[in-house]
Amino acid sequence: MEIKVAALEALVVDMGAQMAAMQARMMAMEASMATQQGGSASCDAVLLSPDLWPVLWPSLDHASKAALRGVSKGMRSQVDASIKVVASPASGFSPAELSAALVHWHAVHDLTLLAVSNDADLAPLATASLAGLTSLTVRQADPGRVVDVPTVSSSVAAALRVINVSGCGGLHFVDFVCSCEQLICLRMPSVSVSDLSPLVAGSETLEELWMAGSVMVKTLESLEACTKLRKLDLRDCYHTLYAQVEDLQLTCTQLADPESVEIEGLVHELQRDMLDDVQAVAAYALGELCGGGEDAEMQTAIAAAGAIPALVQLLARDVSTEVQVAAARAVGVLAGGHAQNQAAFAAAGAVPPLVDLLRPESSRDLLTAAAGALRSLGSNHALNQAAIVAAGAIPPLVNLLVHGDDEYTRHHVQAAAACALRALAEGNAQGEAAISAAGGIPALVKLLECGGGDDEEEDEEEEDGGLTAALVAAAYTLCDLAEGNVQRQDAIADAGAIPPLVRMLGLEFSTDVQKAAVRALHILAAENAKNQLCIARAGAIPGLVLLLRPESSADLQEAAADALSRLAANHALNQAAIAAAGAIPPLVRLLGLYLPASALKAAADALHNLVSSHEQNQVAITAAGAIPPLVELLGHDFPADVQAAAARTLRHVGGDRDEYKGAPRWCPWRTGAAAAG
């Protein structure tokens, strides 16, 4: 007795004797999707080779499993329409078996032939009577071998609207397609026919065409007659064809470029159940398309293609670690600096599964990716910051600051966690309080202490960026916690943050680390006499003065000047120590450089705090030649805040504009616009 299904609509047949593992998994996925679409009134059938049986079995419902138990090679079974899958453990299906099946399954409208290896495998199409067939898919077993499509019966071609073939070709193929009078969509990856002009010339129904390989210009010119063509995809053709297509008078409203086609394909791959490796590659590729989150237009396009819910679904499902890592990374890239995508991810439910991935037993890559995604979602986005804090992300992120046994693992995870905490603390009082309450301050300080060694292994870490990123993020997070909060300033100092921050001023550290340390010391010293003294006693003043050297970047010199200004403010001991360390000459030098207005103001403010109520420094600054450039800063070419800073300093050294009106213009000042920089 042949296999029968009362209302069979979709048929997937494996023509190969053995399938590679990847192809088996792909077919199992398609079979699973087919079962989900089936029902008691309209069921789908899938014929499977034995290597697919253990893969597909877990996806079947209880009724299907009960009906299919005991099916073995050579055994024939009859099932009713409630069974969604009919599986035979035969090692592939012969053309004769397929021909016999198609005689009875004349109601099939969607036919897929997998692992086609020779012309004979397609022979049943010449005798089949599938008058209702609307979609035909043929997948080649060996892409390097061409299988010629035989003459197809007229009944098969009568209602075909979609043809998707790969690895097939020949004149019979062209004749076959030309006979499909209702064809709407034709996809031909790796088709070995370069001149398709007979196929497309004069087509009155074709709306979508996907060509691949070397396509002749003659074929493209014939497309002008396709009056309903709305989408043309040449993703695998030579790039020069795009320029030629643009010159044609086509009526298609959407000329698919390689990027748009790639996005659609990758988003589709994200949704391929039971294909973890494919999903992982697709998620990674989507992130790469965004250029690390620096291409806002691409981020928008990928989101519009439906990537956001697909990625969130992967985060929430029981998939492999590789898929979770790739999905979390893609979330981080797509959300980075893109407010619309940040909101969309949160609305799609991305936050809870990301927080759940912060488990200590997760791999280093997964922890890093999840923390990075939370950072991107929360950065400069108040609503997301609140949602992430409410989801309980702070405690596990704080725990990750001390995570890992080996330095490589520890530094990368710590960097990701510290960056996430920084994003949640910046401008967010609720986040700051949560970090402090979760023990974030001592954990961040402990992280800073990782930057105190000089061994070769740490140098490698520095080059790798893990330790650098960790130190920078930890220092800036402490800045956010301390700014405007004297209690936290003291708590950070009491936790031992000042000595490692002072060490980070050293020339052996990168500029980014130095700037972060300078900023943190600046914030800790703000209106805090106790911390001003502690910072000075820890040796920060010589380090800050050294950063004023010409070799330092302009923004680093500005930051150092700001920090010295804070240390000197209303603190006689520090005023004397800063002057003794040689800070006055380089600060005066800054006044005469081509620097942004903010840097000029920082230098003037530092000099003001050094001379305020300190006669010895007033004399030293005058002797260093500060008065002429300060007078110059009073000019209308400079912003008001720069003028005010210069005026404050001059009042303490006895200089005023009238007194030095005739002073020589000793340095080549910029115009006001340039100085405002």
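Predicted model: local features only at pLDDT ≥ 70, side-chain atom pairs only at ≥ 80, totals over all residues.
User: Before I go on, how confident is the predictor in the chain, and where is confidence lowest and highest?

Analyst: The protein chain averages a pLDDT of 75, with 63% of the residues scoring at least 70. Confidence is lowest in helix α38 (residues 672-676), where the mean is 36, and highest in helix α30 (residues 540-546), at 97. Over residues 17-61 the pLDDT is below 50, and in the model this stretch has 117 contacts beyond near neighbours in sequence.

User: Changing topic: how many salt bridges does a search of the whole structure find?

Analyst: The search finds 10 of them. One of these joins the side chains of arginine 329 and aspartate 365, at 4.0 Å from N to O; arginine 329 is in helix α15 and aspartate 365 in helix α18 (residues 364-378), so far as sequence goes 36 residues apart.

User: Which residues are linked with that pair in a network?

Analyst: Arg364 belongs with Arg329 and Asp365 in a network of salt bridges. As for accessibility, arginine 329 counts as partly exposed at 41%, and aspartate 365 is likewise partly exposed, at 31%.

User: What about aspartate 605, which residue does it form a salt bridge with?

Analyst: Aspartate 605 forms a salt bridge with arginine 648, and their closest N and O atoms are 2.8 Å apart. Aspartate 605 sits in helix α34 (residues 597-611) and arginine 648 in helix α37 (residues 640-653), so the pair ties together parts of the chain that are 43 residues apart in sequence. Aspartate 605 is buried, at 13% relative accessible area, whereas arginine 648 is partly exposed, at 28%.

User: Back to α15, then. How many of its residues are buried?

Analyst: Helix α15 is mostly covered, with 12 of its 15 residues buried, among them Val331, Leu334 and Ala335. The helix covers residues 321-335 and reaches 21 Å from its first C-alpha to its last, close to the 21 Å expected. Just after α15, glycine 337 takes a positive phi of about 65 degrees.

User: Which residues does phenylalanine 345 touch?

Analyst: Not counting residues up to four places away in sequence, phenylalanine 345 touches Ile308, Leu311, Val312, Val331, Leu334, Ala335, Ala350 and Leu377. Phe345 is also one of the residues that touch the most other members of the largest nonpolar core, which has 148 residues, and helix α25 (residues 466-482) gives the most to this core, with 11 residues.

User: What lies apart from that core?

Analyst: Another core, of 27 residues, lies apart from it, and its members include Leu111, Ile163, Leu206 and Leu209.

Methods. Residues numbered from 1 in each chain as written. Heavy atoms only, no water. Helix = DSSP H or I, 4+ residues; strand = E, 2+ residues; numbered from the N terminus. Expected span 1.5 Å × (residues − 1). Buried < 20%, exposed > 50% of the residue type's maximum accessible area, 1.4 Å probe, protein only. Core = buried A, V, L, I, M, F, W, Y, C linked by side-chain atoms within 4.5 Å. Contact = heavy atoms within 4.5 Å. pLDDT = per-residue confidence, 0-100.
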